[in-house]
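Please have the structure open beside you as you read.

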Amino acid sequence: MSSRVNGWRNALQKTVHRLLGYRKLDADTFVLILSPVVGLAAGLGAIGFRKLIALFQYLALGFTGEQISAVLNAMPWYVKLLIPAAGGAVVGPLVYFFAREAKGHGVPEVMEAVAMRGGLIRPRVVLVKSLASAITIGTGGSVGREGPIVQIGSALGSTIGQIFGLTGQRLRVLLSCGAAGGIAATFNAPVAGVFFSVEIILGNYAIHTLSPLIISSVLATVISRAYFGDLPAFLIPTHAMASAVEIVFFVLLGVLAGIAAVVFTKTLYAMEDLFGKIKLPEFTKAVLGGLIIGLGLSAFPQIYGVGYETITKLLRGEELLGMALLLVAAKILATSITIGSGGSGGIFAPSLLIGASLGGAFGMIVHGLFPGVTTVSGAYAVAGMGAVVAAATRGPIAAIAIIFEMTGDYKIILPIMTACIIASLVATRLSRHSIYTLKLARRGVHLDEGLEASLMRAAKVRDVMEQQASTLPSKAPLAEVLDLTSRSRLVNHYVVDPDGRVKGVMSIHEVRKVINQPSLKAVLIAEDLADESVPTITPDGTLAEAIDLLFDRDVEEIPVVDEEGKFLGVVSKHGILDLYQREALQEAGKGLKVIHRDDQTMRLDYIEMGEGHRVVTIEASAEMAGKTLEQLRLRRDYGVNVAAIRAARTGASTPPTDPRRVIEEGDILVVMGAEADIQRMKKSLHIEG
């Protein structure tokens, strides 16, 4: 951030503190104060996004309402073919060149930002996602507006948090406030917005988390109602079960909905893989997807855009059985093609349409067979909507709340709850991942495995590769080997052939075995002392793969090579643990635990960290060598604290309790402080890395 932005941010913070009468405002209270700002931004963002969709729909069809089928039926087939293709021609380059995280349905990117990036979302995502999704939906892409609004609201919350310098858990909460506000404003559903954020985005029901989410959700709903009116998303007749026996049919509907949700999820990513194999520039594939959607519009105009018109008909029991069944398959394919080809939009509304079609068809069948004990098909369509959403997202509580608030029909709440829970259980049995988490799992991010596993699967070897390693020509005579090893502090030296390919690793311990055997000095060369079975890994390998190799061989480091086997550097246990330490402490946003041990006791200290601070490890430079901690004056001159020191010679780690401790070149120091202060210290003391 520029000094001007920092100054503006500090001025804003001081103004808020002064207005509230506090000398010092804790971060959680500050989040609570910012939450209505995020709610206001999310509510206005939702209104602006819907107006943007209406604008592009008007440009495409000359019409802005939801009664789209009649307009499409009156159009020539070639016009219907070209409209989605034209949208794809704009969306593809827009996403590819300006913000690739705006591709697809958006919610997985928000989940990843919470889990892996400390709540950071680039501000440009607000603009790119708004335009890309509005164009996709307005020109006929078979996607929903809810996922984009979640991503837009989250990006707004993250941006506001970044402006005020929030990090870690506080920034995640503000991001989630934006998601809650987006859902609340879209569906006129404040309770659902809160449950969606805590169940799917944040996964935290703590009271200090819930309070700002509720405030944001309420304010976003107030803004939305002021503009659109206080009406449910769907105006339908009220429904009620005809008999207690009927609950059995809603259990069966839940089973079918769970299966349908898994089929939808698998189809979506299979289509993504299919388009990925097509030999076309990435940013042009959305045009191909648009052409396919345009072909489908002649037979199924119901797949155009969000599809609320068709959902309303199904909830009122106005669609025929055959068409309802066909729409299940048609919407799954249309949404999968739109997103798989590079379009931008959500899967929430498509899930609603798939569920309403499935539930409506199921309701027509059971009501026709058992009219005395079953209600009309519209009730099953309502329950089917919630069940498919619950199973696809694995968020049954959020789905129940959303369906209730979208319809305002409390009498049907028991069947909705039953179908949603059964569908979620069935989907969980059939597939480990939801429609959101599968996208992350395909990138190596497994949220259910915790920070450690997710970080190790997502991070690459190139992120921790150390290029400062010792190499020896494979034909180097023993005299040269001895000369190198006597001057080096390194334990391992990598033997390479004339082309730079790794032939093995030579340990200093192997050299010591022959150093006192003069008869061997004239005949031995470097490759004779090398262990040729050393495993290697490429820069694109994951840290999880590197850890497996390191611990399987019980070694401290392994060489990193390119595709031809040429030596590039090393990856070490120390480097991986250093990365994990930084990310874990960033994730916690709290502080650093330091354990002090002697022969009899162990004491645990907890060093509190301020907002915007980091913990890093540095290697002492020549500039630092020979000076004591007191002489270095790291805290006084740079505002950086030393938390622990590991000696280069012995490898022993100790807390910095003695200011007269002399630092040696190569010692590892664990330091913490503001990012700018750490960088200033590194530059001044010529510290690499």
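Is His686 buried, partly exposed or exposed? His686 is exposed, with a relative accessible area of 55%; the cut-offs are under 20% for buried, over 50% for exposed, and partly exposed in between, using a 1.4 Å probe and protein chains only.

1. Ground rules. This is a predicted model, in which local features need pLDDT of at least 70 and side-chain atom pairs count only at pLDDT 80 or more, while totals for chains, interfaces and linings use all residues. Residues are numbered from 1 along each chain as its sequence is written, and side-chain values use heavy atoms, with hydrogens and water left out.

2. Overall picture. The protein chain has 28 helices and 11 strands; these are DSSP runs numbered from the N terminus, helices being H or I with at least four residues and strands E with at least two. Of its 689 residues, 53% are buried. Among contacts with a separation of 6 or more, 72% are between residues 24 or more positions apart, a contact being heavy atoms within 4.5 Å. The chain exposes about 30,400 Å², and carbon and sulfur atoms supply 59% of that area. Accessible areas come from the Shrake-Rupley method with a 1.4 Å probe, and for residues only the protein chains shown count as cover.

3. Two backbone angles to look at. His686 sits in the segment after helix 28 (675–685) and has a positive phi of about 55° although it is not a glycine. Arg394, in the loop between helix 16 (377–393) and helix 17 (396–407), likewise has a positive phi, near 60°, in a residue other than glycine.

4. Helix 11 against helix 15. Helix 11 (residues 247–277) packs with helix 15 (residues 348–369) at an angle of about 140°, their axes being 10 Å apart. The axes are lines fitted to C-alpha atoms, for helices over the stretch in contact, and angles run from 0 to 180 degrees between N-to-C directions. The crossing is right-handed, meaning that the near helix is turned clockwise from the far one by less than a right angle. Residues making the contact include Phe249, Leu252 and Phe264 of helix 11, and Ile354, Gly359 and Phe362 of helix 15.

5. A nonpolar patch. Val251, Val255, Leu256, Ile259, Val263 and Leu430 form a nonpolar patch on the surface, with about 430 Å² of accessible area together. Patches are made of residues with over 30% relative accessible area and no salt bridge; nonpolar side chains (Val, Leu, Ile, Met, Phe, Trp, Tyr) are joined within 5 Å, and like charges within 9 Å. Helix 11 gives the most to this patch, with 5 residues. Val255 is found in helix 11 and is partly exposed, with a relative accessible area of 31%. Leu256 belongs to the patch and also takes part in the contact with helix 15.

6. Buried spots. Gly39, in helix 2 (residues 27–61), is buried, with a relative accessible area of 0%. Gly39 and Ile215 are 176 residues apart in sequence and 7.2 Å apart in space, C-alpha to C-alpha. Leaving aside neighbours within four places in sequence, Gly39 is in contact with Ser216, Leu219 and Ala220. In helix 12 (residues 285–299), the buried residues include Lys285, Gly289, Ile293 and Leu297. Their cover includes helix 3 (68–73), helix 4 (77–98), helix 11 and helix 14 (321–340).

7. Salt bridges. A search of the whole structure finds 12 salt bridges, each being a side-chain nitrogen of Lys or Arg within 4 Å of a carboxyl oxygen of Asp or Glu. Lys103 and Glu282 meet in one of these (3.4 Å, N to O). Lys103 lies in the loop between helix 4 and helix 5 (107–116) and Glu282 in the loop between helix 11 and helix 12, so the pair ties together parts that are 179 residues apart in sequence. Lys103 is partly exposed at 25% relative accessibility, as is Glu282 at 36%.

8. Two further pairs. Asp540 forms a salt bridge with Arg462, the closest N and O atoms being 2.5 Å apart. This pair links distant parts of the chain, 78 residues apart. Asp499 and Arg501 form another, with their closest N and O atoms 2.9 Å apart. Asp499 is partly exposed, with a relative accessible area of 45%.
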